[in-house]
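Today I'm looking up charged side chains and who pairs with whom.

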Amino acid sequence: MLTEINRSVNFRLCGTNGDLGYHFVMNAHTLAALRMLSSGALCSGETIADQLGVTRATVSNALKDAEALGLDIEKVRGSGYRLLHPPVWLDAKSIANRVSTQLGRKLPVTILDAVDSTNTYMLNRAGEGAQSGSVVIAELQTGGKGRRGRRWFTGLGGAITLSLLWRFEQSVAELSGLSLAVGLAVASALRGTGAMDVGVKWPNDIVVGDRKLGGILIELQGDALGPTAAVIGIGINVKLADALRNQIDQPVVDLATIQSSVDRNDIAAAMLIQLARTLEHFSKEGFAVIEPDYRKFHVLHDVDVTVHLPDGEKVFGRVQGTASDGALLLKVGREIVRFHGGEVSVRRGAGAARA
Ligand code: BTN
């Protein structure tokens, strides 16, 4: 069942991250209390309790949950609470206005306090007939989905977890290359907001050097002959809590490390504007016309790599680019081999060969 929580509803949400042991708990009043601490100034428990119409014990519990979700709260005895690094909370109007000013068309933006997965939420909305261009972003995702059945972990207010619905006339088979086009749009938007070192690692990991900054999960619904509804899910690390970072089993980076100031509303708007432009272009022309730009952002272009195939086989070679259908082109000996799947890692100091 979909767990969707609206601001006004009293809830307690728990989810255990089985793989990493990270435990998500959020009290119904946590976000409301945190919003009262947004300025970074000290605020008494009594003031927060009065404003929310709850007891001081409830406020104390609500803020404990926020700490467990990665936010640093200072408690000053006798004076109250202070949020040490207040996030910029998401604001649907601000994002939607920026997008419509730039694009000349409106994208309906919904912000949720918490949801299991924005992709699951949007897949359900797509099934109910939601319009193309609909967007959902969550402050907290409790059951985020990654590629290959993995899970995607983020803390409260420390990420952008966004899903965009895009409807295509084409069939699923005609949309190969979509995930690369989306990766390019996201990386290019992030560069536009000042994160100049961001690149893409085939097919669509968003990276800075060899560290992962974000990921993309596209889920498709459609008939063999089209049309297709694509739910494009994007997760970007904005400020990873140490507890979370320490448990992720691959090198990761967040925007707070590479940029001096990060406003999630700016970043979400920039990504949506670039995505809409790229998707319009892609739906008319396909990936082939986008490939030269993708190549410029591709951190593995002309690099010696190992492709780890799902059956355990490893193939060594040098990346030559990507085909018009998004396949990775690898020079293996004298041959050019195409890959549609598999994990790619950089291989240092080795010639091209098949294992
Ligand atoms: C990956 O494994 O690299 C893809 C991660 C995709 C995560 C995003 S966060 C927003 C959207 N909702 C989800 O449940 N997953 C995607």
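First, my rule: I call it a salt bridge when a side-chain nitrogen of Lys or Arg is within 4 Å of a carboxyl oxygen of Asp or Glu. This is a predicted model, so local features need pLDDT of at least 70, side-chain atom pairs count only at pLDDT 80 or more, and totals for chains, interfaces and linings use all residues. Residues are numbered from 1 along each chain as its sequence is written, and side-chain values use heavy atoms, with hydrogens and water left out.

**Entry 1, the count.** I searched the whole structure and got 16 salt bridges.

I found Arg150 and Glu343 joined in a salt bridge, 3.3 Å from N to O. Arg150 sits in the loop between β8 and β9 and Glu343 in strand β19, so the pair ties together parts 193 residues apart in sequence. (Strands are DSSP runs of E, at least two residues; helices are runs of H or I, at least four; both are numbered from the N terminus.)

Is Asp304 buried or exposed? Asp304 is buried, at 19% relative accessible area, while Arg318 is partly exposed at 36%. My cut-offs: buried is under 20%, exposed over 50%, partly exposed in between, with a 1.4 Å probe and protein chains only.

Glu280 meets Arg105 in a salt bridge of 2.9 Å, N to O. Glu280 is in helix α9 and Arg105 in the loop between α4 and β6, so parts 175 residues apart in sequence are tied together.
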